[in-house]
Amino acid sequence: MDRLGQLEGAMRAFEARLEEVVRGGSGDNPPDSAALSLIQSLFTIFRSQVMEELSWLKTQLTAQGEHLDRLETYSRRTCILIHGIPEDQAQTEVQCLQAASDLFRNQLELDIPVSRMERAHRLGPRRTDGTPRPRPVIVKFFSYQDKRAVFYNKKKLKGRTVSVTESLTKTRLDILKKARDHFQARNVWTSDGKIVVKTGDPNNPKLTTLTTHRELQAMVATPTTPAPDGLRNVNTRRSRLL
């Protein structure tokens, strides 16, 4: 707020000086070239200060936005999304909880009863446009370990109509989509709310984690070589060190 106060003071000083110059050049005595030069110099200084303050405010807003995104991501750390459960098989919260528990037991070989899930429900309003794709079901666990177990075993669903993904914030979902567009979908995935990108030498691929648009922009600006197929099983824990 002090910086904004200084900016307001500079604006008032500029206005006062401008009025002084205009009053001195009224009637048959228009402002001379020296006065106009002074006005131009003052305006240049004023514009520089305004741009500096706007840049500072933009930086602060960006930092606040990233901080809020980190907090929201942390609040989702025990959540997953289940895609592909038919609408008629799970409509109410009780039905969604039971459908999730059945999926974990029958297809992921995990014994996670309903009592270990806090909530489960459909996301968004029911589709009325005739789209056959069912709405995803979001599941919130009491335990982070249960969430990690489900996410680790989701590979058992490969080739099926049902899939499991993380519950990402709007910001990180946008980063994920843009990263996949640029680095190819096979080289980009998520881990604990972070976007992981695989690039570099096929024999020694580099894993980089992204959490902000700034990090994505910096990575896109750096020439990289996408890693080929068949190397995605590199231990993702390495990405946390980058």
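Is lysine 147 buried or exposed? I looked this up at the start. Lysine 147 counts as buried, at 2% relative accessibility. My cut-offs: buried is under 20% relative accessible area, exposed is over 50%, and partly exposed lies in between (1.4 Å probe, protein chains only).

**Ground rules.** I am working from a predicted model, where local features need pLDDT of at least 70, side-chain atom pairs count only at pLDDT 80 or more, and totals for chains, interfaces and linings use all residues. Residues are numbered from 1 along each chain as its sequence is written, and side-chain values use heavy atoms, with hydrogens and water left out.

**Salt bridges.** I searched the whole structure and found 14 salt bridges. I counted a side-chain nitrogen of Lys or Arg within 4 Å of a carboxyl oxygen of Asp or Glu.

Lysine 147 has aspartate 192 as a salt-bridge partner, with the closest N and O atoms 3.8 Å apart. Lysine 147 sits in helix H4 (residues 144-153) and aspartate 192 in the loop between strands S5 (188-191) and S6 (194-201), so this pair ties together parts 45 residues apart in sequence. Helices (H or I, at least four residues) and strands (E, at least two) are DSSP runs, numbered from the N terminus.

I also noted one network: Glu87, Arg122, Arg126 and Arg135 are joined by salt bridges that share partners.

Next I checked arginine 172 and aspartate 69. Their side chains form a salt bridge at 2.7 Å, N to O. Arginine 172 is in helix H5 (residues 170-183) and aspartate 69 in helix H2, so the bridge ties together parts 103 residues apart in sequence. Arginine 172 is buried at 5% relative accessibility. Aspartate 69 is buried too, at 7%.

Glutamate 72 and arginine 76 also form a salt bridge, 2.7 Å from N to O. Glutamate 72 is partly exposed at 34%. Arginine 76 is partly exposed at 23%.

**Strand S3.** I then turned to residues 137-141. Four of the five residues of S3 are buried, so the strand is largely enclosed by the rest of the structure. S1 (residues 79-83) runs antiparallel to S3, joined by four bridges. Isoleucine 80 stands opposite valine 139 of S3. S2 (residues 117-122) pairs with S3 over five bridges, also antiparallel. Here histidine 121 stands opposite isoleucine 138. Pairing requires at least two DSSP bridges between two strands.

**Surface.** Last, I looked at leucine 54. It is found in helix H2 (residues 33-75). Leucine 54 is partly exposed, at 47% relative accessible area.
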